[in-house]
Amino acid sequence: MRDNQENNPFPDLIIGFGYFTNREDPHSPIPKLFSFRKNELEYLKKNIETISDQSSQTKWEIKDDEISLPETNSPLHLIPTIETETNLHIQNQRKIFVRMFLQNPVLLYEQAFVKLEGKNFSLTHEEAKIWKGYLPKLVNELKVCILENSCKDWEEMTLLLRILYIQKSIEVRQIVFPKKNFTGFSYLEYTELPESTISTKQKEYETIFIEKRKEFGKGYHPIQFYNWETFLSHFQSFIEAKTFTEGIEFNLVGQFPYPKTRNSFLKQGSNEKSKQSFKQWEMYSYKIQNLYSYHLVFQNCTNELFHYLNLMFPEGKIGEEKFWDPLSENVFVFNFIPSIAAKKLHSSPYTKDFTLYPSYRNLKRNTISNWKEKNIVERFVPSSKIYKPNPMDHSFLFFTEESVWNRPLFGMANLMWGIGYTSVGIVKSPFDRGKDVSKGSETIFYSLPELFFFNIRKGHFPLISAEEIPEEYYEKETK
């Protein structure tokens, strides 16, 4: 179901309901699959009433300190559940839906499922037999969740959708899976891929598809399902030419599929509740930004790593065995600089092995014997044959990782280029919504450390094929 409510910042749309319509499905195999006994059906009805009562009794009183976030000084409790009134309502609505669906199924929203057509995606007789064997196990897991009330709402929805897409695949003898929404946050913008790249990636996906398919058919396990669904989501993003965003949930949104019994939670006083929800969302966002803030010197990925290692292993020991000398988090010892931290760890008597992984560009560049091509042509971005500008990178002129002594000189050129790019971007901002201003700002950000002999820019290579990945990057099995 779809319902555009542009004027309401918190419309009555819930993640997971986008896979269903509000029309009854008299031919659904679900009732037969679950075969609830009379006492179990009575329990389901009472359970629905209990959950509905909990949802309707929710009090909407928001205080400035209502949303509490975790303390990050402890490495043991970093991801507690953060509950809001809206979250609790959504959880209850999902739970009510699952219990109602198992008793009176509705039709699926067919456009919310991907059916892979063609001989390559047909289920073999053996695969159909294996997948059919997964159904009783999924059904039993969901039954336990429902009757013991022991699972989260998203766990129940995940199990239900797994049952539905496995059942659907078996019926049509083709691979079917639920679509995912890829409109979440992403660093990458959509870009047209060269035809050669599309062709190469298609062949790579075909190879991976065969392997993932075999892996999924090896036996029932939640990890197998997660890996299979993750790959299918990546495959969907490739088919639709969308940027993939990670996520464990089946996330298409829709309205509660049983309108006659829809909870009045958001209907009564909806304007006031929307305002309060928006206030909660603002407060939550502000605290999350503070919790996961980033600082180039005081809180970057390197010193955060040492911060938590020091918390977990203050003496550098696991049991009685010492495995490292804890590195100080004090900025004046420069451990926030990755290269300096790496050298200290390398020289530690507790470091048993050390492997250097050069950047992809340098691995390729080091194979060039001609000095001019290696050190001049390949250093200048417009003339480079190894590196090509791409959506993951901002605009810049020179690579500076080759040598340290002249790094500030090339860094200054990059900085001036970034300032000029940003200035032009300001003029263009009414037309590109600040896109070039943002890219120019990134150029300036990455160029500033180069003025002080530090390099943090290596360049990205998102369009290379699997055959072009150097052997050095693959993990070798140790016997």
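Lysine 115 forms a salt bridge with glutamate 117, and the closest N and O atoms are 3.8 Å apart. A salt bridge here is a side-chain nitrogen of Lys or Arg within 4 Å of a carboxyl oxygen of Asp or Glu. Lysine 115 is partly exposed, at 39% relative accessibility. Glutamate 117 is exposed, at 53%. These classes follow relative accessible area: buried is under 20%, exposed is over 50%, and partly exposed is in between (1.4 Å probe, protein chains only). The model is predicted: local features need pLDDT of at least 70, side-chain atom pairs count only at pLDDT 80 or more, and totals for chains, interfaces and linings use all residues. Residues are numbered from 1 along each chain as its sequence is written, and side-chain values use heavy atoms, with hydrogens and water left out.

By the salt-bridge rule, the count comes to 18. Side chains of opposite charge can pair when their charged atoms come close. Another such pair is glutamate 110 and lysine 168, with the closest N and O atoms 3.1 Å apart. This pair links distant parts of the chain, 58 residues apart. Glutamate 110 sits in the loop between strand 3 (106-108) and strand 4 (113-115), whereas lysine 168 belongs to helix 5. Helices (H or I, at least four residues) and strands (E, at least two) are DSSP runs, numbered from the N terminus. Glutamate 110 is partly exposed, at 44% relative accessibility. Lysine 168 is buried, at 17%.

A further salt bridge joins the side chains of glutamate 402 and arginine 361 (2.1 Å, N to O). Glutamate 402 lies in the loop between helix 12 (371-377) and helix 13 (407-432), and arginine 361 in helix 11 (residues 360-365), so the pair ties together parts that are 41 residues apart in sequence. Arginine 361 is buried, with a relative accessible area of 1%. Both residues belong to a network of salt bridges that links Arg361, Arg365, Arg379, Glu401, Glu402 and Lys458.

Helix 5 also carries arginine 162. Arginine 162 is buried, with a relative accessible area of 11%. Its side chain makes a polar contact with the side chain of glutamate 229 (2.8 Å). A polar contact is a pair of N or O atoms within 3.5 Å; within protein, one must be able to donate a hydrogen and the other to accept it, and residues adjacent in sequence count only if both atoms are side-chain atoms. Neighbours within four places in sequence aside, arginine 162 is in contact (heavy atoms within 4.5 Å) with Leu138, Pro222, Phe225, Tyr226 and Glu229.

The largest nonpolar core holds 58 residues. Such a core is a set of buried Ala, Val, Leu, Ile, Met, Phe, Trp, Tyr and Cys residues joined through side-chain atoms within 4.5 Å. Phe20, Phe97, Phe101, Leu102 and Leu142 touch the most other members. Helix 5 (residues 153-172) supplies the largest share of this core, nine residues. Another core, of nine residues, lies apart from it and includes Ile386, Phe396, Phe461 and Ile464. Leucine 102 touches Ile30, Pro31, Phe34, Phe36, Leu142, Ile146 and Leu160, residues up to four places away in sequence not being counted.

One disulfide (a pair of cysteine sulfur atoms within 2.5 Å) is found in the whole structure. Cysteine 145 is joined to cysteine 151, S to S 1.9 Å. The torsion about the S-S bond is about -65 degrees, so the disulfide is left-handed. Cysteine 145 is buried, at 4% relative accessible area. Cysteine 151 is buried, at 16%. Cysteine 301, in contrast, is exposed, at 61%.
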